[in-house]
There are 2 protein chains.
Amino acid sequence: MVRIRARTGAVTRALRYGGAVGATTASAAAGGAGSRGRIDKRQAILDAAFTVFAREGYAQATVDAIAAEAGVAKHTIYNHFGDKQTLLRQAIAAEADRAMAENLAAVERLRDHDGDIRVALESVGHRLVQCYCDDRSWALRRLLYAEISQFPDLLDIIQGRAANPVTEALADRLARLSLAGRLRISDPAEAAEQLGALLTGSMESRSRLGTRRLPDAELHSVTRAAVDTFLHAFGAEPPENT
Amino acid sequence: MVRIRARTGAVTRALRYGGAVGATTASAAAGGAGSRGRIDKRQAILDAAFTVFAREGYAQATVDAIAAEAGVAKHTIYNHFGDKQTLLRQAIAAEADRAMAENLAAVERLRDHDGDIRVALESVGHRLVQCYCDDRSWALRRLLYAEISQFPDLLDIIQGRAANPVTEALADRLARLSLAGRLRISDPAEAAEQLGALLTGSMESRSRLGTRRLPDAELHSVTRAAVDTFLHAFGAEPPENT
DNA sequence: CCAGATTTGCACTCTATGGTGCACTTTAAC
DNA sequence: GTTAAAGTGCACCATAGAGTGCAAATCTGG
């Protein structure tokens with residue numbers, strides 16, 4: 001027990017002054033909203049919590065471990081979040097925000113792409129697949145799957161921060177392209193859903209539930225195949241057979 | 001503590017003699033291989049373990065709860081499986097076998113379907129989607145996502161029992177159909193992957209990670225849309241536009 | 001340099017649970 | 001019926017981890 005204490009203390013200090021692990025790095029970049037006290041340990045805690053929760057699962061993750069990872073005293077965590085459940089919810093919400101922002105940014109790049117439609121779709125598709133296969137995205141997805149039966153309200157937290165808005169944004173872009181005569185789509189929402197499915201559908205098994213990092217070449221080839229099939233179904237001019 | 005004991009005992013007895021919950025029902029149907037002792041509590045334990053693990057997650061699930069659910073003494077569990085981890089692995093393996101068998105059966109129905117290709121694909125697709133959306137399938141998927149970082153070897157256990165063999169079987173069928181001139185497919189494996197993606201890709205958000213049961217009508221419409229898109233891309237005769 | 005807020009270290013409580021030991025009962029097979 | 005295997009009930013151990021209290025240290029704004 002005493003030995004554990006000592007080790008925790010050492011890690012804590014190393015993180016605080018060394019700032020090597022990433023949690024503290026992120027915290028430095030986030031000292032904006034309502035920063036009272038020090039350089040807002042809040043963000044560091046959220047980052048650390050997500051990391052540890054994702055690695056160990058909610059039940060296995062100990063608040064002590066999160067504190068150590070964040071370079072913070074356990075008490076500070078309870079000061080900020082009250083209890084472990086709240087911490088989980090906030091950590092997931094923060095991470096979902098980050099992930100969705102990335103996805104939306106990717107989709108938005110369809111807005112003023114005026115070259116070949118295939119090139120545009122492949123570019124955006126590739127970016128979307130990259131986001132989907134990002135380590136943190138997989139961690140978030142795993143964590144959601146893991147805890148959804150224990151915390152059904154996570155769905156509400158994710159609601160509006162997850163795939164849904166991204167698909168809608170994509171549907172918007174596809175509708176515009178269709179209106180401009182570049183695609184032939186009757187139901188943009190459905191088309192967006194299907195494009196998303198084609199892009200990400202095979203990632204689960206390919207990446208072995210996110211435990212294997214996929215080479216970029218593989219992402220490219222999946223993207224190309226997905227866009228190819230998509231254009232066969234929704235392209236404006238009937239494509240000559242491959 | 002005493003009160004908990006009492007309650008557990010009551011549930012246990014109710015299960016043993018009433019056989020109402022499903023675990024015991026299943027066990028009765030499985031007293032085949034190597035049944036020594038009683039009517040093989042083994043299967044009842046596996047079923048109960050899967051149920052409880054899926055509901056609570058590995059760490060939260062208590063062996064006592066599993067014993068109660070199975071209508072069995074805690075000791076019996078340890079007699080059969082040694083420890084909690086082994087129990088998890090075996091429960092998952094058993095459930096994966098079950099799920100894969102269902103999926104393969106669905107795919108096999110493509111073998112001697114000689115009518116309209118669209119009808120055949122929609123029929124099989126619908127069955128596949130149903131399997132995918134089955135409560136137990138979702139539970140298995142959630143459990144895998146949840147525990148994969150704690151037990152990476154679950155991948156090996158699932159290997160050969162999961163989506164992979166199903167996709168391969170589907171690729172086989174598609175290849176035959178292509179050879180018979182009913183489809184125009186250059187890469188059957190890729191086509192199978194894409195058909196699978198189109199069928200199941202939108203289920204995650206639609207069913208809210210499997211926490212919402214989808215009306216069969218919705219499954220049908222998704223299936224129809226998936227097959228439609230698939231045939232646009234891989235149909236033998238270029239379809240007239242919708 | 002001061003005051004108030006924040007953070008920290010550490011000890012401590014309380015509860016939960018995996019796993020075991022043991023004596024006793026039930027079951028299946030001969 | 002007898003017997004050995006399988007199952008049961010219960011007490012028990014050891015450990016671990018959430019959450020709290022408190023006094024001392026540290027920071028931040030003025």
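User: Happy to be looking at this one! What percentage of the 242 residues of chain A count as buried?

Analyst: Welcome! Keep in mind that this is a predicted model. A residue counts as buried when its relative accessible area is under 20%. Of the 242 residues of chain A, the share that passes this test is 47%.

User: How many helices and strands does chain A have?

Analyst: Reading from the N terminus, the elements of chain A run α-α-α-α-α-α-α-α-α-α-α-α-α. The secondary structure therefore comes, with helices and strands taken as DSSP runs, to 13 helices and 0 strands.

User: Among contacts in chain A between residues at least 6 apart in sequence, what share joins residues at least 24 apart?

Analyst: A contact here means heavy atoms within 4.5 Å. Among the contacts in chain A between residues at least 6 apart, the share that joins residues at least 24 apart is 65%.

User: Are α11(A) and α11(B) parallel, perpendicular or oblique to each other?

Analyst: Helix α11 covers residues 188–200 in chain A and residues 188–200 in chain B, and the two axes come within 8 Å and cross at roughly 135°. Angles of 65 to 115 degrees would count as roughly perpendicular, and those over 145 as roughly antiparallel. The pair α11(A) and α11(B) is therefore oblique.

User: Which residues make that contact, and how do they divide into nonpolar, polar and charged?

Analyst: On α11(A) the contact is made by Gln194(A), Ala197(A) and Leu198(A), and on α11(B) by Gln194(B), Ala197(B) and Leu198(B). Sorted by type, the residues of this contact are 4 nonpolar, 2 polar and no charged.

User: Is Cys131(B) buried or exposed?

Analyst: Cys131(B) is in no disulfide, with the sulfur of Cys133(B) 9.7 Å away. Its relative accessibility is 3%, so Cys131(B) counts as buried.

User: Where is Leu209(A), and is it buried or exposed?

Analyst: Most residues other than glycine have a negative phi. Leu209(A), though not a glycine, has a positive phi of about 55°. Leu209(A) lies in the loop between α12 (203–206) and α13 (216–234) of chain A. With 8% relative accessibility, Leu209(A) counts as buried.

User: How does Arg208(B) count, buried, partly exposed or exposed?

Analyst: Arg208(B) sits in the loop between α12 (203–206) and α13 (216–234) of chain B, and its phi is positive, near 50°. At 28% relative accessibility, Arg208(B) counts as partly exposed.

Methods
Residues numbered from 1 in each chain as written. Chains lettered and ligands numbered in written order. Predicted model: local features only at pLDDT ≥ 70, side-chain atom pairs only at ≥ 80, totals over all residues. Heavy atoms only, no water. Axes fitted to C-alpha atoms, helices over the stretch in contact; angles between N-to-C directions. Helix = DSSP H or I, 4+ residues; strand = E, 2+ residues; numbered from the N terminus. Parallel < 35°, antiparallel > 145°, perpendicular 65-115°, else oblique. Nonpolar A, V, L, I, M, F, W, Y, C, P; charged D, E, K, R; others polar. Disulfide = S-S within 2.5 Å. Buried < 20%, exposed > 50% of the residue type's maximum accessible area, 1.4 Å probe, protein only.
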